[in-house]
Amino acid sequence: MKVKSTLAALVGSALLLGATVASANTELKVWCWDDNFNVPAARMAAERYQAKHPEVTIKVESLAQADIIQKLNASLGANNVRSLPDIVLIEDYRVQNFLVGYPDFLKEVGSKIDTKGTFVDYKVAASSLNGQSYGVPFDSGVTAAFIRLDLFEKAGYTLDDFKDITWDQFIEMGKKVKETTGAYLMGYDPSDLGVLRVMMQSAGAWYTNANGTKVTVENNAALKEAMLVFKKMQDADIVTYYNGWNQLLATFQTGQVASVIQGCWITPSIEANQEQAGKWRVVPLPKLSTVKNATHYSNLGGSQWYVNGYSQNAAVATDFLRETFASDTELLNELVTKISLVNSLKDTTKISNYNVGNEFFGGQKIYTDFANWNKKIPAISYGPHTYAIESITTEALQRVLSGEDIDEVLKDAQINAEMQVGL
């Protein structure tokens, strides 16, 4: 997928604005999703920037994430760049599609913003191509095991038992919890391989190689062990199945499960049932036991802000991101309490709200833990084919769960993935 020459011709006007300041009545349009998270954050940032730059008006538009992706692809595919926003939020798993497929669309910002020095490595890696940085990292998807400590305690475990454990050990704990309390260890959506992705990244692995040029499904040790972990949990009857977001919420808000493996952004949803206050804790992920360099740290989801390279206001848009999400620690500190934001900064010493104990989690300083774990996540490139390959590995996992030989399944998946993405 390549842009036509007519798109490239429009870049010149944007480049000429690289060192200019905003003219009177400059308007920036921002696209993002989630009225409880990204949208209010963007509007708070807009208010702070406009207070210093009254000549700039910033309009934040709320759209569903799927609608943003559809509109971007449709506009770029039709050479209709005038309809694009000046700034857009894009999920980390999706951005390489645009960097590779539409190489002039997203503006390089690393020369104006010290992204590599400011943000954690894995976020910069996700939004970089050929050594250049394009994104301003926003929310972290640092992943944790949210555990119902009260249920594990009934099975004879303490918080210390979660130190440096493997998935196999976690499964054994889950068996005892199920036997003692009736609660499943965790929930799983067969159409969403998020937890499998978490396991892979915790070992520095993905569906493709480091530069996204080769499918690495068949001989992927992390992917293989992750699938076998799911098989063990299924065979032990310690996993319950759900379909979609609302059913996910029900698994833990109604006490069906003893743990939730998700990104830190799930925190407000867990806190929603105040009857469970004091019963939850947050611990590092179990690690894969057969994979070299496996860790307890990973990511799930997360997004970054990008500047439209075709915009006549690209320089102002870059300056807006530089002054707000890239450097305004007062804003980022306030967002901790406003939207439960775990940011992507390397240096979080000025984020004082991280250091407050959370009574819902027994007084644990969960945001301090999230921030520390965030710095230890293996940095990988997700490449442009994550979701295309995942459509194949979803079927492959179901075959493994039904009892087929995993090596044969992964061999077939490798062939199908290569055909699907042309690598």
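Reply: Helices (H or I, at least four residues) and strands (E, at least two) are taken here as DSSP runs, numbered from the N terminus. In those terms, H4 is followed by asparagine 79, whose phi is positive, near 60°. The model is a predicted one, in which local features need pLDDT of at least 70 and side-chain atom pairs count only at pLDDT 80 or more, while totals for chains, interfaces and linings use all residues. Residues are numbered from 1 along each chain as its sequence is written, and side-chain values use heavy atoms, with hydrogens and water left out.

The buried residues of H4 include Ile68, Ile69, Leu72, Ser75 and Leu76, where buried means under 20% relative accessible area, exposed over 50% and partly exposed in between, with a 1.4 Å probe and protein chains only. Because they cover an arc of only 140° around the axis, these residues lie on the same side of H4, the arc being that of the directions from the helix axis to the C-beta atoms.

Aspartate 92 is buried, with a relative accessible area of 0%, and, leaving aside neighbours within four places in sequence, its contacts (heavy atoms within 4.5 Å) include Lys123, Ala126, Gly301 and Tyr382.

Isoleucine 389, in helix H17 (residues 386-401), is likewise buried, with a relative accessible area of 0%. With neighbours within four places again set aside, Tyr207, Thr208, Val215, Val217, Ala417 and Val421 are in contact with isoleucine 389.

As for the whole, the chain has 18 helices and 12 strands, and 56% of its 423 residues count as buried. Among contacts between residues at least 6 apart in sequence, 77% join residues at least 24 apart. The C-alpha trace spans about 70 × 50 × 35 Å along its principal axes. The radius of gyration, taken over C-alpha atoms, is 22 Å, which agrees with the value near 22 Å for a compact globule of 423 residues, by a rule of 2.2 Å times the number of residues to the power 0.38.
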